[in-house]
Structure formats: C-alpha cells, structure tokens
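Please look over the sequence and the coordinates below before reading on.

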Amino acid sequence: VLLSQGAGLKWASPVLSSLIQMLKIQSEASSTDVILTIQTDALQGIVSLAECEALRTRIVDEFMPHLSKLYEHENDHVSDAATQVCLALGFNTAEMGARWD
C-alpha cells in the first residue's frame with residue numbers, strides 16, 4: 001500500500017534495480033541450489049515491488065525477456081515465482097504462454 005502511494009519509491013527503485021541486475025546475472029550462471037534460491041527470492045521481491053505502477057512499467061521495460069526465460073525455467077520454484085511476477089504485472093494466463101522478446 002505504501003508503494004502505491006509513493007512513500008517507498010525513494011528506496012524501492014534502487015532495490016528493484018538491484019533485483020533485476022542480480023536476476024540477469026544469475027540467469028547466465030549454472031543452476032545450483034543457492035542460485036535457484038536467490039532467483040526465487042529475488043522474483044518474490046519483485047512481486048511485492050510490482051504493486052507500484054511506476055515500478056511495474058520499469059519491470060516490463062527492463063526485465064520481460066529475462067522474465068520469459070525464468071517463467072519457462074526447469075525448476076518449479078523459479079518458474080512459479082516468475083508466474084507470480086507475471087500475474088502481479090497484470091498478465092493473464094493466455095498472455096503468459098506467449099514469448100516476450
């Protein structure tokens with residue numbers, strides 16, 4: 001609720017940037033248990049940040065191709081967390097099946 005009212009944008013924007021950058025780097029790494037946990041946790045953080053309209057726009061602009069790869073990830077926890085991000089961004093299940101490049 002605070003993010004949608006703008007109170008948290010001062011800290012939320014750098015946090016979002018860090019999460020996105022971490023996920024972009026981690027998507028190139030081999031899938032160890034630690035990497036999978038980091039990816040899942042970072043995606044869950046992005047779900048929370050997606051409550052804010054301005055941050056939703058940034059997530060779509062900066063992260064959709066990577067989110068698509070994570071949505072199709074072989075690990076169920078990562079894939080489920082990516083699905084939650086997609087739903088938080090307002091995509092329906094039909095749109096989630098399409099590739100975002």
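## Burial and overall make-up

Of the 101 residues in the protein, 40% are buried, where buried means under 20% relative accessible area, exposed over 50%, and partly exposed in between, with a 1.4 Å probe and protein chains only. This is a predicted model, in which local features need pLDDT of at least 70 and side-chain atom pairs count only at pLDDT 80 or more, while totals for chains, interfaces and linings use all residues. Residues are numbered from 1 along each chain as its sequence is written, and side-chain values use heavy atoms, with hydrogens and water left out.

The protein has 5 helices and 0 strands, so that the order of elements from the N terminus reads α-α-α-α-α; helices (H or I, at least four residues) and strands (E, at least two) are DSSP runs, numbered from the N terminus. Among contacts between residues at least 6 apart in sequence, 63% join residues at least 24 apart, a contact being heavy atoms within 4.5 Å.

## Helix H2 against H3

The axes of helix H2 (residues 33-49) and helix H3 (residues 53-71) come within 12 Å and cross at roughly 150°; axes are lines fitted to C-alpha atoms, for helices over the stretch in contact, and angles run from 0 to 180 degrees between N-to-C directions. That angle makes H2 roughly antiparallel to H3, given that angles under 35 degrees count as roughly parallel, over 145 as roughly antiparallel, 65 to 115 as roughly perpendicular and the rest as oblique. The crossing of H2 and H3 is left-handed, a term used if the near helix is turned anticlockwise from the far one by less than a right angle, with right-handed used if clockwise.

On the H2 side the contact is made by Gln39, Leu43, Ile46 and Leu49, and on the H3 side by Leu55, Ile59, Phe63, Leu67 and Leu70. These residues divide into 8 nonpolar, 1 polar and no charged, where Ala, Val, Leu, Ile, Met, Phe, Trp, Tyr, Cys and Pro count as nonpolar, Asp, Glu, Lys and Arg as charged, and the others, Gly among them, as polar.

## Helix H4 and its two partners

H2 also packs with helix H4 (residues 76-88), at an angle of about 15° and with the axes 9 Å apart, which makes H2 roughly parallel to H4. H2 passes H4 in a left-handed crossing. Leu36, Gln39, Thr40, Leu43, Gln44, Ile46 and Val47 in H2 meet His77, Val78, Ala81, Ala82, Gln84, Val85 and Ala88 in H4, and the residues of this contact comprise 9 nonpolar, 5 polar and no charged.

H3 and H4 pack at an angle of about 150°, their axes being 10 Å apart, and the two helices are therefore roughly antiparallel to each other, with a left-handed crossing. Arg56, Leu67, Leu70 and Tyr71 of H3 make the contact with Val78, Ser79, Ala82, Thr83, Val85, Cys86 and Ala88 of H4; by class, there are 8 nonpolar, 2 polar and 1 charged.

## Tyr71 and the cysteines

Tyr71 lies in helix H3 and, at 21% relative accessibility, counts as partly exposed. Tyr71 and Gln84 are 13 residues apart in sequence, and their C-alpha atoms are 9.3 Å apart in space.

Cys52 counts as buried, because its relative accessibility is 4%, and Cys86 is likewise buried, with a relative accessible area of 0%. The structure holds 0 disulfides, a disulfide being a pair of cysteine sulfur atoms within 2.5 Å.
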